[in-house]
Amino acid sequence: MTVHPSLQTSIDAWTHSIEAISELVTPLVESEWNRATECPGWSVRDIVSHVIGIECEMLGDPRPIHTLPRDLYHVTDEFSRYIEVQVDVRRCHTSPEMTSELEYTLIRRSRQLRNETRDPQTPIRWPLGSSTEQTLERALKVRAFDVWVHEQDLRRALGAPGNLDSAGAQLTRDFLLRALPKVVANDAGAPPGSAVVFDVHGPLEFMRTVRVDAEGKGTIDGSVSLGPTATLVLDWETYLRLACGRVRPEAVSDQLKIEGDRSLAEAILREFAVTP
(Lines give C-alpha, C1' and ligand atoms only; values in the text may rest on other atoms or scores of the structure.)
Protein backbone atom coordinates (compact mmCIF):
# COMPACT_ATOMS: atom_id res chain seq x y z
CA MET A 1 0.00 0.00 0.00
CA THR A 2 1.08 3.57 -0.57
CA VAL A 3 1.14 6.06 2.30
CA HIS A 4 -2.15 7.47 0.94
CA PRO A 5 -4.68 4.68 0.24
CA SER A 6 -6.79 7.05 -1.88
CA LEU A 7 -4.16 6.65 -4.61
CA GLN A 8 -4.15 2.85 -4.51
CA THR A 9 -7.16 2.25 -6.77
CA SER A 10 -5.57 4.20 -9.61
CA ILE A 11 -2.16 2.59 -9.06
CA ASP A 12 -3.67 -0.91 -9.06
CA ALA A 13 -5.64 -0.21 -12.25
CA TRP A 14 -2.55 1.25 -13.95
CA THR A 15 -0.41 -1.72 -12.90
CA HIS A 16 -2.91 -4.27 -14.18
CA SER A 17 -3.26 -2.54 -17.56
CA ILE A 18 0.39 -1.84 -18.24
CA GLU A 19 1.34 -5.39 -17.30
CA ALA A 20 -1.38 -6.61 -19.69
CA ILE A 21 0.13 -4.44 -22.44
CA SER A 22 3.54 -5.95 -21.79
CA GLU A 23 2.11 -9.48 -21.98
CA LEU A 24 0.29 -8.61 -25.21
CA VAL A 25 3.26 -7.21 -27.11
CA THR A 26 6.16 -9.32 -25.85
CA PRO A 27 5.46 -12.27 -28.19
CA LEU A 28 4.69 -10.14 -31.27
CA VAL A 29 6.70 -10.61 -34.44
CA GLU A 30 8.09 -7.51 -36.17
CA SER A 31 5.24 -7.17 -38.67
CA GLU A 32 2.59 -7.16 -35.94
CA TRP A 33 4.13 -4.04 -34.42
CA ASN A 34 3.12 -2.20 -37.60
CA ARG A 35 -0.58 -3.07 -37.41
CA ALA A 36 -2.85 -0.04 -37.61
CA THR A 37 -5.00 0.86 -34.61
CA GLU A 38 -8.11 3.00 -34.24
CA CYS A 39 -5.91 5.89 -33.07
CA PRO A 40 -5.41 7.97 -36.25
CA GLY A 41 -1.89 7.58 -37.62
CA TRP A 42 -0.77 5.21 -34.88
CA SER A 43 0.34 1.60 -35.14
CA VAL A 44 0.74 -0.91 -32.33
CA ARG A 45 4.35 0.27 -31.99
CA ASP A 46 3.21 3.89 -31.78
CA ILE A 47 0.77 3.23 -28.94
CA VAL A 48 3.42 1.37 -26.96
CA SER A 49 5.86 4.22 -27.67
CA HIS A 50 3.30 6.71 -26.37
CA VAL A 51 2.78 4.72 -23.17
CA ILE A 52 6.53 4.41 -22.61
CA GLY A 53 7.14 8.09 -23.35
CA ILE A 54 4.52 9.46 -20.99
CA GLU A 55 5.59 7.15 -18.17
CA CYS A 56 9.20 8.27 -18.69
CA GLU A 57 8.06 11.87 -18.34
CA MET A 58 6.20 10.99 -15.16
CA LEU A 59 9.54 9.62 -13.95
CA GLY A 60 11.16 12.97 -14.71
CA ASP A 61 13.32 11.75 -17.61
CA PRO A 62 14.42 14.44 -20.07
CA ARG A 63 12.42 14.61 -23.29
CA PRO A 64 14.15 13.45 -26.47
CA ILE A 65 15.48 16.15 -28.77
CA HIS A 66 13.70 15.30 -31.99
CA THR A 67 12.23 17.13 -34.99
CA LEU A 68 8.98 15.77 -36.33
CA PRO A 69 8.39 15.16 -40.05
CA ARG A 70 6.08 17.71 -41.66
CA ASP A 71 3.72 15.16 -43.23
CA LEU A 72 2.08 13.64 -40.14
CA TYR A 73 -1.59 14.32 -40.97
CA HIS A 74 -2.83 13.36 -37.50
CA VAL A 75 -0.65 15.99 -35.79
CA THR A 76 -2.90 19.04 -35.78
CA ASP A 77 -2.04 21.18 -32.76
CA GLU A 78 0.64 21.91 -30.18
CA PHE A 79 -0.49 19.21 -27.78
CA SER A 80 -0.51 16.48 -30.44
CA ARG A 81 2.93 17.68 -31.59
CA TYR A 82 4.16 17.40 -28.02
CA ILE A 83 2.77 13.87 -27.68
CA GLU A 84 4.05 12.77 -31.08
CA VAL A 85 7.73 13.40 -30.31
CA GLN A 86 7.89 10.41 -27.93
CA VAL A 87 6.15 8.31 -30.59
CA ASP A 88 8.07 9.32 -33.70
CA VAL A 89 11.48 9.00 -32.06
CA ARG A 90 10.79 5.26 -31.56
CA ARG A 91 9.41 4.46 -35.03
CA CYS A 92 12.76 2.97 -36.05
CA HIS A 93 13.04 0.78 -32.94
CA THR A 94 12.96 -3.00 -33.30
CA SER A 95 10.56 -5.22 -31.38
CA PRO A 96 13.26 -6.33 -28.88
CA GLU A 97 14.14 -2.68 -28.25
CA MET A 98 10.49 -1.85 -27.68
CA THR A 99 9.77 -4.71 -25.29
CA SER A 100 12.99 -4.13 -23.35
CA GLU A 101 12.27 -0.43 -22.89
CA LEU A 102 8.67 -1.12 -21.90
CA GLU A 103 9.77 -3.67 -19.29
CA TYR A 104 12.44 -1.36 -17.89
CA THR A 105 10.03 1.59 -17.75
CA LEU A 106 7.40 -0.56 -16.02
CA ILE A 107 9.93 -1.63 -13.36
CA ARG A 108 11.08 1.94 -12.71
CA ARG A 109 7.61 3.43 -12.64
CA SER A 110 6.22 0.67 -10.40
CA ARG A 111 9.03 1.33 -7.94
CA GLN A 112 8.27 5.05 -8.00
CA LEU A 113 4.58 4.43 -7.31
CA ARG A 114 5.30 1.97 -4.50
CA ASN A 115 7.41 4.63 -2.83
CA GLU A 116 4.97 7.50 -3.42
CA THR A 117 4.72 9.57 -0.23
CA ARG A 118 3.30 12.86 -1.52
CA ASP A 119 -0.12 14.03 -0.45
CA PRO A 120 -2.83 13.22 -3.06
CA GLN A 121 -3.56 16.94 -3.41
CA THR A 122 0.04 17.82 -4.28
CA PRO A 123 -0.05 19.90 -7.50
CA ILE A 124 1.99 18.59 -10.42
CA ARG A 125 2.31 19.80 -14.00
CA TRP A 126 -0.40 18.44 -16.28
CA PRO A 127 -0.79 18.02 -19.19
CA LEU A 128 2.89 17.24 -19.41
CA GLY A 129 4.75 20.05 -21.06
CA SER A 130 2.30 22.76 -20.11
CA SER A 131 2.05 25.13 -17.19
CA THR A 132 -1.32 23.69 -16.18
CA GLU A 133 -1.31 21.88 -12.85
CA GLN A 134 -3.35 18.93 -11.63
CA THR A 135 -3.30 17.18 -8.31
CA LEU A 136 -1.29 13.99 -7.97
CA GLU A 137 -4.54 12.08 -7.38
CA ARG A 138 -6.05 13.39 -10.62
CA ALA A 139 -2.86 12.73 -12.59
CA LEU A 140 -2.73 9.09 -11.48
CA LYS A 141 -6.38 8.60 -12.43
CA VAL A 142 -5.68 10.04 -15.86
CA ARG A 143 -2.69 7.73 -16.31
CA ALA A 144 -4.77 4.68 -15.31
CA PHE A 145 -7.52 5.77 -17.70
CA ASP A 146 -5.11 6.41 -20.58
CA VAL A 147 -3.20 3.15 -20.19
CA TRP A 148 -6.38 1.03 -20.01
CA VAL A 149 -7.89 2.73 -23.07
CA HIS A 150 -4.67 2.07 -24.99
CA GLU A 151 -4.65 -1.54 -23.77
CA GLN A 152 -8.05 -1.87 -25.44
CA ASP A 153 -6.77 -0.15 -28.62
CA LEU A 154 -4.03 -2.78 -28.78
CA ARG A 155 -6.41 -5.67 -28.08
CA ARG A 156 -8.71 -4.63 -30.93
CA ALA A 157 -5.79 -4.20 -33.34
CA LEU A 158 -4.33 -7.57 -32.39
CA GLY A 159 -7.61 -9.47 -32.15
CA ALA A 160 -7.04 -10.28 -28.48
CA PRO A 161 -10.12 -9.12 -26.53
CA GLY A 162 -10.07 -9.07 -22.75
CA ASN A 163 -10.13 -7.06 -19.51
CA LEU A 164 -13.29 -5.17 -20.45
CA ASP A 165 -14.40 -5.52 -16.82
CA SER A 166 -11.04 -4.95 -15.10
CA ALA A 167 -10.21 -2.30 -12.51
CA GLY A 168 -9.10 -0.04 -15.35
CA ALA A 169 -12.43 -0.55 -17.09
CA GLN A 170 -14.36 0.49 -14.00
CA LEU A 171 -12.18 3.56 -13.48
CA THR A 172 -12.64 4.47 -17.16
CA ARG A 173 -16.42 4.04 -16.94
CA ASP A 174 -16.58 6.51 -14.04
CA PHE A 175 -14.16 8.87 -15.80
CA LEU A 176 -16.28 8.95 -18.96
CA LEU A 177 -19.63 9.18 -17.15
CA ARG A 178 -18.55 12.43 -15.51
CA ALA A 179 -18.55 14.03 -18.96
CA LEU A 180 -22.11 12.97 -19.86
CA PRO A 181 -24.06 15.89 -18.32
CA LYS A 182 -22.06 18.39 -20.37
CA VAL A 183 -22.39 16.29 -23.53
CA VAL A 184 -26.17 16.07 -23.18
CA ALA A 185 -27.08 19.49 -21.79
CA ASN A 186 -24.46 21.78 -23.29
CA ASP A 187 -22.97 20.17 -26.37
CA ALA A 188 -26.08 18.42 -27.71
CA GLY A 189 -28.46 21.10 -26.42
CA ALA A 190 -31.03 18.86 -24.74
CA PRO A 191 -33.99 21.04 -23.75
CA PRO A 192 -34.81 21.90 -20.12
CA GLY A 193 -36.88 19.23 -18.44
CA SER A 194 -35.56 16.40 -20.60
CA ALA A 195 -34.14 13.11 -19.38
CA VAL A 196 -31.83 10.87 -21.41
CA VAL A 197 -31.16 7.27 -20.39
CA PHE A 198 -27.98 5.35 -21.27
CA ASP A 199 -28.53 1.61 -20.99
CA VAL A 200 -25.18 -0.14 -21.34
CA HIS A 201 -24.75 -3.91 -21.43
CA GLY A 202 -21.83 -6.30 -21.79
CA PRO A 203 -18.88 -7.04 -19.45
CA LEU A 204 -19.72 -3.81 -17.60
CA GLU A 205 -23.45 -3.24 -17.24
CA PHE A 206 -24.87 0.05 -16.02
CA MET A 207 -27.76 2.42 -16.52
CA ARG A 208 -27.49 6.17 -16.03
CA THR A 209 -29.96 9.02 -16.52
CA VAL A 210 -28.90 12.53 -17.44
CA ARG A 211 -31.52 15.08 -16.42
CA VAL A 212 -31.61 18.68 -17.63
CA ASP A 213 -33.14 21.14 -15.17
CA ALA A 214 -35.11 24.31 -15.88
CA GLU A 215 -31.88 26.32 -16.18
CA GLY A 216 -30.43 23.91 -18.72
CA LYS A 217 -27.93 22.32 -16.33
CA GLY A 218 -27.31 18.58 -16.63
CA THR A 219 -26.91 16.12 -13.77
CA ILE A 220 -26.41 12.35 -13.78
CA ASP A 221 -27.72 9.61 -11.50
CA GLY A 222 -28.40 5.90 -11.46
CA SER A 223 -32.15 6.06 -10.87
CA VAL A 224 -34.64 4.91 -13.48
CA SER A 225 -36.49 7.59 -15.43
CA LEU A 226 -40.13 7.00 -16.28
CA GLY A 227 -40.88 8.11 -19.81
CA PRO A 228 -37.41 9.50 -20.72
CA THR A 229 -37.06 11.88 -23.64
CA ALA A 230 -34.59 9.51 -25.29
CA THR A 231 -32.91 6.21 -24.49
CA LEU A 232 -29.65 4.93 -25.98
CA VAL A 233 -28.95 1.21 -25.67
CA LEU A 234 -25.46 -0.04 -26.53
CA ASP A 235 -22.72 -2.37 -25.36
CA TRP A 236 -19.82 -1.23 -23.16
CA GLU A 237 -17.11 -1.57 -25.80
CA THR A 238 -19.11 0.49 -28.29
CA TYR A 239 -19.71 3.12 -25.58
CA LEU A 240 -15.95 3.21 -24.95
CA ARG A 241 -15.03 3.52 -28.62
CA LEU A 242 -17.53 6.33 -29.18
CA ALA A 243 -16.61 8.26 -26.03
CA CYS A 244 -12.89 8.02 -26.80
CA GLY A 245 -13.33 9.12 -30.40
CA ARG A 246 -12.25 5.81 -31.93
CA VAL A 247 -15.30 5.48 -34.20
CA ARG A 248 -18.07 7.67 -35.54
CA PRO A 249 -21.70 6.79 -34.65
CA GLU A 250 -22.57 5.86 -38.23
CA ALA A 251 -19.83 3.20 -38.22
CA VAL A 252 -21.45 1.36 -35.30
CA SER A 253 -25.11 2.15 -35.99
CA ASP A 254 -25.95 -1.56 -36.01
CA GLN A 255 -24.77 -1.76 -32.39
CA LEU A 256 -26.91 1.17 -31.23
CA LYS A 257 -30.59 1.18 -30.35
CA ILE A 258 -32.38 4.51 -30.00
CA GLU A 259 -35.77 4.95 -28.38
CA GLY A 260 -37.72 8.20 -28.08
CA ASP A 261 -36.47 11.48 -29.54
CA ARG A 262 -34.17 10.30 -32.35
CA SER A 263 -32.96 13.79 -33.32
CA LEU A 264 -31.82 14.46 -29.74
CA ALA A 265 -30.14 11.04 -29.51
CA GLU A 266 -28.31 11.66 -32.79
CA ALA A 267 -27.18 15.09 -31.57
CA ILE A 268 -25.80 13.45 -28.41
CA LEU A 269 -23.96 10.82 -30.44
CA ARG A 270 -22.39 13.52 -32.63
CA GLU A 271 -20.95 15.12 -29.48
CA PHE A 272 -20.18 11.87 -27.66
CA ALA A 273 -16.40 11.85 -28.08
CA VAL A 274 -14.88 13.45 -24.98
CA THR A 275 -11.22 12.52 -25.54
CA PRO A 276 -9.02 13.25 -28.57
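## Helix α8 and its ends

In α8, the buried residues are W236, T238, Y239, L240, R241, L242 and A243. The helix is thus described as mostly covered, with seven of its eight residues buried. These assignments, like the others in this report, come from a predicted model.

At the N-terminal end, α8 is capped by D235, which places a side-chain oxygen 3.1 Å from the backbone nitrogen of E237. After α8 comes G245, a residue with a positive phi, near 70°.

## Packing of α6 against α8

Two packed helices are described by the angle between their axes and the distance between the axes. For helix α6 (residues 167-177) and helix α8 (residues 236-243), the angle is about 55° and the axes are 11 Å apart. The two helices are therefore oblique to each other, and α6 passes α8 in a left-handed crossing.

On the α6 side, the contact is formed by A169, T172, R173, L176 and L177; on the α8 side, by W236, Y239, L240 and A243. Seven residues of this contact are nonpolar, one is polar and one is charged. The α8 residues W236, Y239, L240 and A243, which meet α6, are also listed among the buried residues of α8.

## Packing of α2 against α4

Helix α2 (residues 44-58) packs against helix α4 (residues 95-114) at an angle of about 35°, and their axes lie 10 Å apart. The crossing of this pair is left-handed.

From α2, the residues in contact are R45, V48, S49, I52, E55, C56 and M58; they meet S95, M98, E101, L102, T105, R109 and Q112 of α4. The contact of α2 with α4 comprises six nonpolar, four polar and four charged residues.

## E259 in strand β7

Strand β7 (residues 256-260) contains E259. Is this residue buried, partly exposed or exposed? The relative accessible area of E259 is 35%, a value between the 20% and 50% limits, and E259 is therefore partly exposed.

When neighbours within four places in sequence are set aside, E259 is in contact with T229, A230 and T231. Between E259 and L180, the separation is 79 residues in sequence and 18 Å in space, taken from C-alpha to C-alpha.

Conventions
Residues numbered from 1 in each chain as written. Predicted model: local features only at pLDDT ≥ 70, side-chain atom pairs only at ≥ 80, totals over all residues. Heavy atoms only, no water. Axes fitted to C-alpha atoms, helices over the stretch in contact; angles between N-to-C directions. Helix = DSSP H or I, 4+ residues; strand = E, 2+ residues; numbered from the N terminus. Parallel < 35°, antiparallel > 145°, perpendicular 65-115°, else oblique. Left-handed = near helix turned anticlockwise from the far one by under 90°. Contact = heavy atoms within 4.5 Å. Nonpolar A, V, L, I, M, F, W, Y, C, P; charged D, E, K, R; others polar. Buried < 20%, exposed > 50% of the residue type's maximum accessible area, 1.4 Å probe, protein only. Polar contact = N/O pair within 3.5 Å; in protein donor to acceptor, adjacent residues only side chain to side chain.
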